[in-house]
Amino acid sequence: MRAVRAVALLAASLAVIACQSKKPEAGAPAKAAAAPAPASDKILVGHVGSMTGSEATFGQSTDNGIKLAIEQWNAKGGVKGKPISLRTYDSQGKPEEAAVAATRLIVNDKVNLLLGEVASSRSLAMAPVADGNGTPMITPSSTNPRVTKDKDKVRPFVFRVCFIDPFQGTVMAKFARNDKKIDRVAILRDVGNDYSMGLADYFLAKFKELGGTIVDDQSYKAGDQDFKAQLTAIKNKNPQAIYVPGYYTDVALIARQARELGMKQPLLGGDGWDSSKLYEIGGKAIEGSFFSNHYSPDDPSPRIQEFVKAYKARFGGVPDGLAAQGYDAAMVGFDAMNRAADGSGTAVRDAIASTKDYPGVTGIITIDANHDAVKPAVVLEVKDGKSSYVTTVAP
Amino acid sequence: MTELLQHVVNGVSLGTIYALIALGYTMVYGVLKLINFAHGDVYMAAAFAGFYIATALDVRDDPTIGKAVVVFLGAMAAAAALGWAIERFAYRPLRNRPRLATLITAIGISFLLEYGFQLPSLQAQGRTFEEVLRGWGWTVPAWLDSLVGVLPASFPPGPTPRFFPEPFTRIDWTVLGGVHVSNYDVVSFLVAVGFMLGLQWIVYRTRFGTAMRAVSFDPRVAGLMGIPVNRVISATFVLGSVLAAVAALLVAGSRPRIDPIMGLMPGLKAFVAAVFGGIGNVPGAMLGGLVLGLAEEMVAGYTVSSFRDGIAFAMLILVLLFRPEGLLGRVTVEKV
């Protein structure tokens, strides 16, 4: 009898909750229908980022970059005289959370522009949501081609302000082969990660094309604690460098364990390395390794130095590549909104698509027909617990 | 040859960790016939306890042997308290219910710890402990002030991995023409063997061990004979949790990334190791852990590395098919 009552009570309370949460939703579309173009007096930008989790610095840096861009636009009077405000939701580093956050920002909060994610696997979860609802989305740093291109079809509302994996993988292959004169490379990739798999494939193809040999191709799963089995196998093949296109927490552990096994080869990687945590966990083990990135804070050009100065003044600390990408993504978005005929999703979308020669911090940004930015990449070396500029590779 | 030896060293180092966790599983199973799925999460919680203590003592910038001892003892005490509390509040009330109820509770506790530790701390929410207490209309007592910086504000840790400082300095040796061994591997192995022998001695040579075996045989009759059943079971949980804490610190010291779900896979694999060796059997857990570690290492080193976890669980299935009682387990003879 008691159990029955408990179930009834539970059902009743669920019903109440359901009714309560339904109400505002039911009212909202009616309001939106009355005013087709968002006639509100401010602009709302949504950001989905990994504010916590294994790649927490990705989300936090990107968020800082976006905040800086918003503050600078607001200081100038906002977009078309409307102030911009930001709403950030945490993806916790999980694709499913990213999709939920994107849906919430678009459907409940009715953002005018969606920014995020850094990781390709999470942007891939968000892209269909943005497309389906007709909300323009710009990913700052997702480099996997499929983020903006679903099979052969370009996603109409999804853009990025970074280069793509085929280019990034090629950059590192060219650098290793032409600049470092390396013949033999082993690959250690994260099998569960779209970004890592993509980079490894493109690196492999280009490196072979340039006459190098891939001596081993091993894999790991993000979150593994022990990489010594793979590293011992790699060590036996005696490569001159190891390409590890993963994220920084795993890479740092891999570097440590490689050194513990007496391996002295430099590690090579991509923009997923770019975090102060890499140097904290990796310590001495990661010194002398190289990775490709979107920009270098050491670049003397005034546009970059101005950004670095403003960022330092606002947040303290040198902006990493993801902060710069977040800043550029927001800037490109606001620039497009300023040019757009009205505030509707399609108008903003068309304006973003026609972005040409926008002077971003991470390079001159032109959005191509595939909704990707064509930009040069830089190669950085880990030296004295930070990254230092080595060279720039043009597309 | 060097490669093979290196794989053996790596495999033993990994297997030792599984063995240490498996010993805790096996002890609890031996006494209660309960698979304590929260065991891997006690391991995780112990790593975080060690992390908080190490941070408070500033081990990272200035490691000393004294501090290492404090970190180890502190984490062991925290794990012991957690193990005791889990048994007291989650398992004991269900002791006379169907065994399935306790098993489900164990899974619940496991998730509670994993996801509870992923909640944002007050610090991450930008609030302080003091503000919260004031919000409730309390004044903050002076002695709490010193604690505020360490635990309450930055607990729970949230899902972001933390960097665990080395409790004692790592020394690497190169032996036999290129095989790398570190003092962590050696210490872990010796500790595991030491604990295994110690447990064997406790179980077969002490009054407490006799009581454990009696409870394992039949708790009700043991109670009638004047054995304090509850105390014996509590002590078993405390002992198992302490073992998990030692394993956690040895792992975190050499693979310095800790996060709230770090106990999930090692916990499952240690369970496989315990079953493989014969659950309830102390040397069996040790053997199972080592075999599993070596098998994984060889699979990852010589075939495709993505198969390593698959192999662990395939081994479990094979053992259960052909030798359900495990390698060293005996069918109905005494457990523990």
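What follows is a walk through this predicted model, from confidence to sheet, core and chain contact.

Residues are numbered from 1 along each chain as its sequence is written, and chains are lettered from A in the order in which they are written. Because the model is predicted, local features need pLDDT of at least 70 and side-chain atom pairs count only at pLDDT 80 or more, while totals for chains, interfaces and linings use all residues.

Start with confidence. pLDDT is the predictor's confidence in each residue, from 0 to 100. Its mean over chain A is 86, and 90% of the residues of chain A reach 70 or more. Residues 15-38 of chain A stay under 50. For that stretch the model has six contacts beyond four places in sequence. Two residues are in contact if their C-beta atoms, placed from the backbone, lie within 7 Å.

Now the sheet. Helices (H or I, at least four residues) and strands (E, at least two) are DSSP runs, numbered from the N terminus. Strands pair if DSSP finds at least two bridges between them. In chain A, seven strands form an open, mixed sheet in the order β9-β8-β10-β11-β12-β15-β16. Its edges are β9 (213-220) and β16 (386-393), each pairing on one side only. The twist averages 25° from one strand to the next. Strands β10 (241-243) and β11 (267-269) of chain A pair in the parallel sense over two bridges. There, A:Tyr243 has A:Leu268 as its bridge partner.

Helix α6 (194-209) of chain A lies across β8 (184-190), β9 and β10, at about 165° to β8(A). Axes are lines fitted to C-alpha atoms, for helices over the stretch in contact, and angles run from 0 to 180 degrees between N-to-C directions.

Next, the interior. A nonpolar core is a set of buried Ala, Val, Leu, Ile, Met, Phe, Trp, Tyr and Cys residues joined through C-beta atoms within 7 Å. Buried means that 20 or more other C-beta atoms lie within 10 Å of the residue's own, placed from the backbone. The largest core has 116 residues; A:Ile242, A:Tyr243 and A:Tyr327 are among those with the most contacts inside it. Helix α11 (321-339) of chain A gives the largest share, 11 residues. A:Tyr327 touches residues including A:Gly65, A:Phe307 and A:Val361, not counting those up to four places away in sequence. A second, separate core of 97 residues includes B:Leu57 and B:Met315.

Finally, the chain contact. It takes 25 residues from chain A and 23 residues from chain B. On the chain A side, β9, α7 (228-237), α8 (248-260) and α9 (276-282) each supply at least two residues. The largest share, six residues, comes from α7(A).

Methods: A residue is buried if 20 or more other C-beta atoms lie within 10 Å of its own, exposed if 12 or fewer, and partly exposed in between; C-beta atoms are placed from the backbone.
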